[in-house]
Amino acid sequence: MGQQHQAMYLRSVYDDQPNAHQKFIEKLDACIRNHDREIEKMCNFHHQGFVDAITELLKVRADAEKLKVQVTDTNRRLQDAGKEVIAQTEDIIQSRIQQRNITTVVEKLQLCLPVLEMYSKLKEQMNVKRYYSALKTMEQLENIYFPRVSQYRFCQLMIENLPKLREEIKEISMSDLKDFLESIRKHSDKIGETAMKQAQQQKAFNTVLQKQNNVRYGKNKYINDGIPEPRNEIVSKQNLAVEDEEEEEGHEDEVLTAHDLVDFSPVYRCLHIYSVLGDAETFENYYRKQRRKQARLVLQPQSNMHETVEGYRRYFSQIVGFFVVEDHILHVTQGLITRAYTDELWNMALSKIIAVLRTHSSYCTDPDLVLELKNLIVVFADTLQGYGFPVNRLFDLLFEIRDQYNETLLKKWAVLFRDIFEADNYSPIPVTNEEEYKNVISKFPYQDPELDKQCFPKKLPMSQSVPQIYIQVKEFIYASLKFSESLHRSSTEIDDMLRKSTNLLLTRTLSSCLQNLIKKPHIVLTELVQIIINTTHLEQACKYLEDFITNITNISQETLHTARLYGLSTFKDARHAAEGEIYTKLNQKIDEFIQLADYDWTMVEPDGRASGYLMDLINFLRSTFQVFTHLPGKVAQTACMSACQHLSTTLMQMLLDNELKQISMGAIQQFNLDVIQCELFAGSEPVPGFHGETLQLAFIDLRQLLDLFMVWDWSTYLADYGQPGSKYLRVNPSIALALLEK
C-alpha cells in the first residue's frame with residue numbers, strides 16, 4: 001500500500017500541475033516523519049533483546065578465549081600430525097603422475113609397436129628376398145601405420161628410407177631378370193630339343209592313329225604323314241604300338257617341360273614388382289628389347305652349320321626353345337608380351353631362318369644330310385605350329401629344298417650308274433641253276449617262255465648292269481619318297497613328285513651316263529651291241545617302274561593328271577646313239593684292216609687268192625655280225641649294209657688315191673679277187689633279213705668298174721653310156737678315166 005502511495009507521489013512529480021514540486025516536498029517530509037515514528041517504535045520494541053544479547057556475549061567471552069587456546073593447541077597438534085600425511089600425499093601424487101605418464105607411454109608404444117613390427121617384417125622380407133611382399137608391406141606402412149605415428153622422428157627416418165628400399169628392390173629384381181635371361185639363353189637349346197622330341201612323339205602317335213583309321217575305313221589320303229595338333233603345353237603322348245613297353249619302363253624317359261628346365265619366378269616377380277611400383281611399362285620395354293637382342297643372336301648360325309646335321313639340330317633347338325619360352329611368358333603373364341609382339345618377332349625370325357636355310361642348304365652336297373635337314377625342318381615346323389605360329393613359308397621352303405635334294409640324289413646316282421657301267425662285263429648273265437635264275441628275275445622283271453624251256457646252264461640276254469640299274473632306279477624312288485614324307489601332301493601330289501623326279505633320273509642322269517658310256521673310246525663293238533640289248537630290256541621294264549610307283553601311292557595310272565615315265569625316249573635315244581657308234585666303230589675297224597693292205601700295184605700276175613688282210617677283215621665282219629643276231633633286225637641289217645658300203649667306198653678310194661700313179665693289169669686282177677671275196681661275203685647273208693642281192697649292191701659300183709677294165713669293153717661302155725639298161729651304168733666317166741690313166 002505504501003509502495004502504491006510512493007508511486008502515486010512519484011507520478012505526481014512529473015504531472016504538469018501547478019505547485020507540484022512543493023506538494024511533493026511536503027508529502028515527502030510527511031512520509032519521512034511517518035517512517036521515523038515507525039523506526040522508533042521498532043527500536044523500543046527490540047531494545048531489551050539487544051541488551052540481553054550483549055549480556056550473553058560478555059558471558060561467552062571467557063569461554064571463547066578458552067576455546068581459542070584449545071583450538072590453537074589442537075591446530076598445532078594437528079599440524080604436527082599432518083606433516084607425515086602431507087609427505088605421503090606428495091608421494092602418492094608423484095606416483096599418480098608417474099602412473100599417468102607410464103600409461104601414456106604404454107599407449108604411445110602400443111601405437112608405435114605395430115609400425116615397428118611391420119618395419120621389422122619389411123627388413124626380414126628384404127633379407128629373404130621376398131621383394132613383392134616387401135612392397136606390399138611398404139604400402140601398408142605408408143597408408144595405415146605411418147599416419148598414426150608421423151609426429152615421431154623415427155617414423156620420418158623410416159619414411160625417408162622407403163624410396164631407397166624400393167630402388168634397391170628394383171635393382172635386385174632387375175639383376176634377377178638379367179640372370180633369368182642369361183639362364184634361358186643357355187637352356188634354349190635344351191628346351192627346344194625337349195619340345196621337338198615331344199612333337200615327334202605326338203606325330204608318331206597321330207601317325208599310328210591315322211594308319212589305324214585308314215585300315216579301318218580304307219582311306220589313304222596321306223602317306224606316312226602326321227596331322228598337326230593344336231598347341232598343348234608339351235604334353236607327352238606315347239606311340240600306341242609301344243605303349244605297353246614304355247609303361248613298363250616307367251618314368252625313366254619322362255620328358256621335362258620348359259618350366260621344369262627354367263625357373264620363371266624371377267620374371268614373374270620382377271613383373272609384379274614393377275607393376276606395384278607403377279613402372280610396368282619400363283620393365284616390359286626392357287624385357288622385349290633384351291629378348292629381341294637374344295633372338296638376333298639365336299638366329300645367327302654358325303659358319304660351318306651346313307657341314308653336319310648336329311649344326312642344324314642345335315640351330316633349330318635354340319630357336320624352338322626361344323619361342324617356347326615366349327609362348328609360356330605370353331600365356332602366364334598379363335601384358336608383358338602380346339600375341340602381336342610374338343607374331344612380329346616370329347615373322348622377323350622366319351624371314352631370317354628361311355634366308356639362312358637357303359644359304360646353308362645350298363652348300364649341302366650329301367643327299368642324306370639334305371634329308372636330315374628336311375626332317376629337322378618338318379619337326380621344327382610341326383613343333384612351332386603346335387604353339388600357334390604360322391609355318392606355311394617353311395613348307396614352301398621345303399619344296400625348294402626338295403628340288404635341291406633331287407639334284408643331290410641325281411649326282412649321287414650318276415656316280416652309282418657310272419660305277420655300275422664300269423664294273424659291267426657287257427656279257428649275257430650266265431645262270432647255272434634254278435636258284436641263280438630266280439635270284440636274277442627277283443631283281444629284274446624279265447619273262448621269256450622260250451628261255452624257261454631251256455636247260456641249265458643258260459644265259460639271260462642282258463648283262464649284269466641291267467638288274468643293278470633297275471634296282472638303283474627303285475632305290476632312287478624310295479629315296480625321293482623319303483623327302484615327300486611328312487610334308488602334309490596328298491597321295492596324288494606325292495605320286496606326281498615321284499614321277500617327275502624319276503623322269504629326271506631317267507632323262508638326265510641315266511641318259512647322260514649312257515651317252516658318255518657309248519662315247520668312251522675303249523667300248524668295243526660287242527659291248528655296244530650288249531648296251532643296245534640292255535637298253536631294250538630297260539625300256540621294257542619302265543612299265544614295271546610305273547606299277548612300282550602306283551603301288552606306293554595307290555594312284556592309278558589312268559588318273560587324268562598322272563604323269564608318265566619318259567624312260568622309253570631315254571632308252572631309245574641311247575640305243576640310237578649306240579647304233580650310230582656301232583656304225584662308226586665298225587667303219588673304223590674296217591679302216592684299220594684296210595691300212596694293213598700291201599698291194600704290189602706293179603705285179604705282172606695275181607697271187608691267185610684273195611689278200612690276207614681282206615680275208616681277216618671278212619672273218620672279223622662275219623664273227624661280228626654273228627653277235628648282231630641278238631640285236632633288232634633292222635639294226636643288224638643297217639650295220640651290215642653300212643659296213644659293206646664303207647668297205648666298197650674305201651676300196652674305191654684306194655684305187656683312186658692320188659699318190660698311186662700306176663697300176664698294172666696283174667694288180668687289177670688281184671684287186672678283183674679281193675672284191676669277189678667281198679661279194680661272196682655279201683651273198684652269204686651274214687645278217688638275216690636281206691632280200692635277194694640287196695647287200696651285194698653295195699659293191700656294184702666297184703664291180704662294174706673292175707669288169708670294165710678286166711674285159712676291156714670300152715666300146716660297149718661308150719656306146720651304152722647314159723642308157724638306163726647300160727651294163728656299166730654305175731661307172732662314172734671321170735673315175736674310169738682316172739683309173740685308165742693309171
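Predicted model: local features only at pLDDT ≥ 70, side-chain atom pairs only at ≥ 80, totals over all residues.
Residues are numbered from 1 along each chain as its sequence is written, and side-chain values use heavy atoms, with hydrogens and water left out.

Reader: What is the mean pLDDT of the chain?
Author: The mean is 83, and 90% of the residues reach 70 or more. Over residues 218-253, though, pLDDT stays under 50.

Reader: What makes something a helix or a strand here, and how many are in the chain?
Author: They're DSSP runs, numbered from the N terminus: helices are H or I with at least four residues, strands are E with at least two. By that rule the chain has 25 helices and 2 strands.

Reader: How do you know that the span of helix α9 agrees with its number of residues?
Author: The expected span is 1.5 Å times one less than the number of residues. Helix α9 (residues 309-332) has 24 residues and so should span 34 Å; its end C-alpha atoms are 34 Å apart, which agrees.

Reader: Why is α9 called largely enclosed?
Author: Buried means under 20% relative accessible area, exposed over 50%, and partly exposed in between (1.4 Å probe, protein chains only). In α9, 19 of the 24 residues are buried, so the rest of the structure largely encloses it.

Reader: Why does Pro301 count as buried?
Author: Its relative accessibility is 17%, so Pro301 falls on the buried side of the cut-off. Pro301 sits in the loop between α8 (280-299) and α9. Contact means heavy atoms within 4.5 Å, and, not counting residues up to four places away in sequence, Pro301 touches Tyr315, Val356 and His360.

Reader: What makes a nonpolar core, and which residues have the most contacts inside the largest one?
Author: A core is a set of buried Ala, Val, Leu, Ile, Met, Phe, Trp, Tyr and Cys residues joined through side-chain atoms within 4.5 Å. The largest has 195 residues, and those with the most contacts inside it include Phe316, Trp346 and Phe671. Leaving aside neighbours within four places in sequence, Phe316 is in contact with Met196 and Phe380, among others.

Reader: How many disulfides are there?
Author: A disulfide is a pair of cysteine sulfur atoms within 2.5 Å, and by this rule the count is 0.

Key: pLDDT = per-residue confidence, 0-100.
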